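This report describes selected local features of one protein structure. Please look at the sequence and the model first.

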Amino acid sequence: MMPLLTSFGFYRFTNRIFAKVVEDVLQVVMVDLSRRGNRWFGIEYASLCLFRPRDTLPLRPGGRLFRNTPPSTFWQQIFWIKGRQTGFPGACIQEASASMTVLVEIFQTQALPFFSKTGSVSGLCLQLEKEQWGSEHHLNFEIGCCLAKLHRLSEAERCLRKAAKLYEQDGREWCEIEVGRIRSLLTAIETGKTDELLDQWIEHSVTELGLRSLLVAQQLAPVIDPALRGCGRV
């Protein structure tokens, strides 16, 4: 699968994560290994903005590659979630190779359209506005940051104030940090320093997530002929 990911501009970020940055949006593909000791695995994907300060790497908005084949074995039943087969066997070379053949096709029909839609700040914002998260404070903060980046400032303020209120209601210790960040962004909007603060937050995210080498690799990469994308020839 690595040749396919490389052909679409992804770079190896860690042993299990491939990533690229487009318009201050980080797009990620992660191999999720089963913790059950059965050598099954899944593929998760996500897009997230870097101008919302990141200390960790959340995989949302995004999804997990799946197929609709009904389970016929015990392990297939374990990974059968909401009518979707989300796990793939990889106990031996033959199994892993067969799984990757299937995943390459699935990736192009499931993940690539998502990455295409969320490969810009405006596209990511539209996707976030369609999302439903249990952690509504995080979702509103994400949307607020996107709206601020797009200079839709009155809308951004509404989302940010809602997020701050929800964080305060949550009351856990880490929520104070997020409330402080939101207040900083609201102040930046009021004083005309929105872009300056968001640039600082991008720098924070790049540093905390260790993305510096990835960005350097992207800057040094040759331009890929669009006709070759997905062909495994680059």
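Which residue of β3 is the bridge partner of V21? The partner is L26. The model is a predicted one, in which local features need pLDDT of at least 70 and side-chain atom pairs count only at pLDDT 80 or more, while totals for chains, interfaces and linings use all residues. Residues are numbered from 1 along each chain as its sequence is written, and side-chain values use heavy atoms, with hydrogens and water left out.

**Strands**

Helices (H or I, at least four residues) and strands (E, at least two) are DSSP runs numbered from the N terminus. Two strands pair if DSSP finds at least two bridges between them. Strand β1, residues 11-12, pairs with β2 in the antiparallel sense over 2 bridges. R12 has F18 in β2 as its bridge partner, and 4 residues lie between the two strands of this hairpin.

β2 (17-22) and β3 (25-33) run antiparallel and are joined by 6 bridges. Besides the pair of V21 and L26, K20 stands opposite Q27 in β3. β3 is also antiparallel to β4, with 9 bridges joining them; here V31 stands opposite I43 in β4.

A residue is buried at under 20% relative accessible area, exposed at over 50%, and partly exposed in between (1.4 Å probe, protein chains only). In β2, 5 of the 6 residues are buried, so this strand is largely enclosed by the rest of the structure. In β3, 8 of the 9 residues are buried, so β3 is likewise largely enclosed by the rest of the structure.

**Loops**

β2 and β3 form a hairpin with 2 residues between them. E23 is in the loop between these strands, and D24 is found in the loop between β2 and β3 as well. Both have a backbone angle worth a look. Most residues other than glycine have a negative phi, and most peptide bonds are trans. The phi of E23 is positive, near 50°, and the phi of D24 is positive too, near 65°.

The loop between β3 and β4 holds R39. R39 and F88 are 49 residues apart in sequence, yet their C-alpha atoms are 8.8 Å apart in space.

| Residue | Relative accessible area | Class |
|---|---|---|
| E23 | 53% | exposed |
| D24 | 26% | partly exposed |
| R39 | 58% | exposed |
| R181 | 14% | buried |

Where does P61 lie? P61 is in the loop between β4 (40-49) and β5 (62-64). The peptide bond from R60 to P61 is cis, with omega near 0°.

**Helices**

Two packed helices are described by the angle between their axes and the distance between the axes. Axes are lines fitted to C-alpha atoms, for helices over the stretch in contact, and angles run from 0 to 180 degrees between N-to-C directions. The axes of helix α4 (residues 121-130) and helix α5 (residues 136-149) come within 9 Å and cross at roughly 150°. That makes α4 roughly antiparallel to α5, a term used for angles over 145 degrees. The crossing of α4 with α5 is left-handed, meaning that the near helix is turned anticlockwise from the far one by less than a right angle.

Contact is defined as heavy atoms within 4.5 Å. On the α4 side, V121, L124, C125, L128 and E129 meet L139, E142, I143, C146, L147 and K149 in α5. By class, this contact of α4 with α5 has 8 nonpolar, no polar and 3 charged residues. Ala, Val, Leu, Ile, Met, Phe, Trp, Tyr, Cys and Pro count as nonpolar, Asp, Glu, Lys and Arg as charged, and the others, Gly among them, as polar.

Which residues of α4 are buried? They are V121, G123, L124, C125, Q127 and L128. The buried residues of α4 pack against β3, β4, α3 (93-117) and α5.

R181 is found in helix α7, residues 175-190. Not counting residues up to four places away in sequence, R181 touches R52, P53, D55, F141, W201 and H204.

Key. Parallel < 35°, antiparallel > 145°, perpendicular 65-115°, else oblique.
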